[in-house]
Amino acid sequence: MFFVVKKRAKHACPQISCKASVKSGNATSNFVGFVAMKLKRMIVGLGERSYPIWIGGGILSRLPEALQEANFPNKVAIVTNPVVQSLYGEAVAESLAAAGYEHHFIVLPDGEEHKTWATLQTIFDGLIARGFDRHCGLIAVGGGVTGDMGGFAAATFLRGIPYVQVPTTLLAQVDSSIGGKTAINHTQGKNLIGAFYQPRHVHIDVETLNSLDSREFAAGMAEVIKYGIIRDKDFFDWLLKHRKALQERQTEALISAVKKACQIKANIVEIDEKEDALRAILNLGHTFGHAIENLSGYSTFRHGEAVAVGMMVAAHISHHLELCSTDDVAAIRNLLQAFDLPVTPPQYPLDAYLDAMKRDKKVQKGTLRLVLNKGIGDCLVQEITDPAILFAEALKGIQHQDQVD
Ligand SMILES: NC(=O)c1ccc[n+]([C@@H]2O[C@H](COP(=O)([O-])OP(=O)(O)OC[C@H]3O[C@@H](n4cnc5c(N)ncnc54)[C@H](O)[C@@H]3O)[C@@H](O)[C@H]2O)c1
Ligand SMILES: [Zn+2]
């Protein structure tokens, strides 16, 4: 469906002008090396909804300590799925029991197709059957699907009970567990029903990533790379330099990368909790990525893979608009490929892509707004008045680059 190519581009395209609407600032950064300790803490600063994120290696056993610091209730539901329960359920349950927490497992079926109202109902059933009240809490242990559903259940059960995220996929650790977006899918679209509801604590043990298959890990890396492109050139460069350590899942490298990604996401969420403006920059590569997922039926491409291709398309458009250089486009391509991510869109007709993008829920009043990289490490959101020309040029640019390589 896509071609893996290795070399860099030497291609220039004409400019088409569009109107800029939101611009991000460039995050200050001194990202130079590994962290020395095995536990890093940070705070997502949202006033009375602020919460800590702990990031470390082998820290699942320290969950009770974090719960105590967060004043978390003593009776907790562990919401997870069979895969994650068999890997980490016992470790979590044992540490909670040893610290005197009353815990109950609620195990959901695995998979995006189960991120539904029916599955949500089983969480409520489990909570009610076990006598949960407002003085109880929920701990979501798993990937983004578990976190989104557990979070939404917590947001709505008894008008809201406290919850904690224990993300176990790379995507969940750097993206879905932070920022308080919770949701389930509707037959008419993904994440259509949900709430903004912040957790009390996010507990990230990067060693849980050791059991993740390599494709799932790469898909998570697409979101990590995204942070470098939109906010932090040093981090972008660091990722290439530490590719081997990251792909070998070395704990220190993972802690450094996940912490930086969390910091960038937290900074954006702190400024714009409910996606009025700035938070939209987190959608780099997502408009085109969602179109790929939509056209390919959500099973061929992992979300992160589709986003990787989407970021490549965005980079080409940025280049057409003279927002970045050919070298920047080549560097983005190079980094994505270094992490085994696709960079070439599957061959659907341009019209099919344009229609799918028009259907995207982020399209406001029929106007397509794209996140575009400004060089590497900065970005802006731009209204696209003539998407047909722009995307045609971008797809041509990618095709040309594939042929050159
Ligand atoms: N709330 C947000 O802000 C936000 C942001 C991005 C994505 N999301 C949502 O996140 C979801 C995708 O999350 P995901 O990519 O984590 O998918 P996922 O939760 O389906 O997890 C992927 C697979 O990995 C398995 N798994 C989880 N942890 C594992 C581990 N440590 N070792 C081995 N296998 C493990 C899961 O059981 C699953 O089969 C989507 O539903 C998306 O809408 C939400
Ligand atoms: Zn994403």
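Me: What makes helix α6 (residues 214–231) and helix α11 (residues 303–320) a crossing pair?

Reply: In this predicted model, the axes of α6 and α11 come within 7 Å and cross at roughly 35°. The crossing is left-handed.

Me: Which residues of α6 and α11 meet?

Reply: From α6, the residues are Ala-218, Ala-219, Gly-220, Ala-222, Glu-223, Lys-226 and Ile-229. They meet His-303, Gly-304, Glu-305, Val-307, Ala-308 and Met-311 of α11. By class, this contact has 7 nonpolar, 3 polar and 3 charged residues.

Me: Why is Leu-158 called partly exposed?

Reply: A residue is buried with 20 or more other C-beta atoms within 10 Å, and exposed with 12 or fewer. Leu-158 has 14 C-beta neighbours inside 10 Å, and therefore counts as partly exposed. Leu-158 is placed in the loop between α4 and β7.

Me: What is the phi of Leu-158, and what is that of Asp-340?

Reply: Most residues other than glycine have a negative phi. Leu-158 is not a glycine, yet its phi is positive, about 50°. Asp-340, also not a glycine, has a positive phi of about 60°.

Me: How do you know that strand β8 (residues 181–186) is mostly covered?

Reply: Of the 6 residues of β8, 5 are buried. A buried residue has 20 or more other C-beta atoms within 10 Å of its own. For the protein, buried residues make up 48% of the 405 residues.

Me: In which sense do β7 (residues 163–167) and β10 (residues 201–205) pair, and over how many bridges?

Reply: These strands pair in the parallel sense over 2 bridges, and a pair needs at least two. Gln-165 has Val-202 in β10 as its bridge partner.

Me: Which strands form the open sheet, and in what order?

Reply: The sheet has 7 strands in the order β2-β3-β10-β7-β6-β4-β5, with mixed pairing. Its edge strands are β2 (39–44) and β5 (102–107), each of which pairs on one side only. Neighbouring strands are turned by 20° against each other on average, direction ignored.

Me: Which strands does α2 lie across?

Reply: α2 lies across β4 (75–80), β5, β6 (136–142) and β7, and runs at about 175° to β5.

Me: Which residues come nearest to ligand 1?

Reply: There are 27 residues around ligand 1, of which Gly-143, Gly-144, Val-145, Thr-169 and Ser-176 come nearest. The elements giving two or more residues to this shell are α2 (82–98), α4 (144–156), α5 (170–176) and β9 (189–196). The shell divides into 7 nonpolar, 12 polar and 8 charged residues.

Terms used
Residues are numbered from 1 along each chain as its sequence is written. Chains are lettered from A and ligands numbered from 1 in the order in which they are written. This is a predicted model: local features need pLDDT of at least 70, side-chain atom pairs count only at pLDDT 80 or more; totals for chains, interfaces and linings use all residues. A residue is near a molecule or strand if its C-beta atom, placed from the backbone, lies within 6 Å of it. Helices (H or I, at least four residues) and strands (E, at least two) are DSSP runs, numbered from the N terminus. Ala, Val, Leu, Ile, Met, Phe, Trp, Tyr, Cys and Pro count as nonpolar, Asp, Glu, Lys and Arg as charged, and the others, Gly among them, as polar. Axes are lines fitted to C-alpha atoms, for helices over the stretch in contact, and angles run from 0 to 180 degrees between N-to-C directions. Two residues are in contact if their C-beta atoms, placed from the backbone, lie within 7 Å. A crossing is left-handed if the near helix is turned anticlockwise from the far one by less than a right angle, and right-handed if clockwise.
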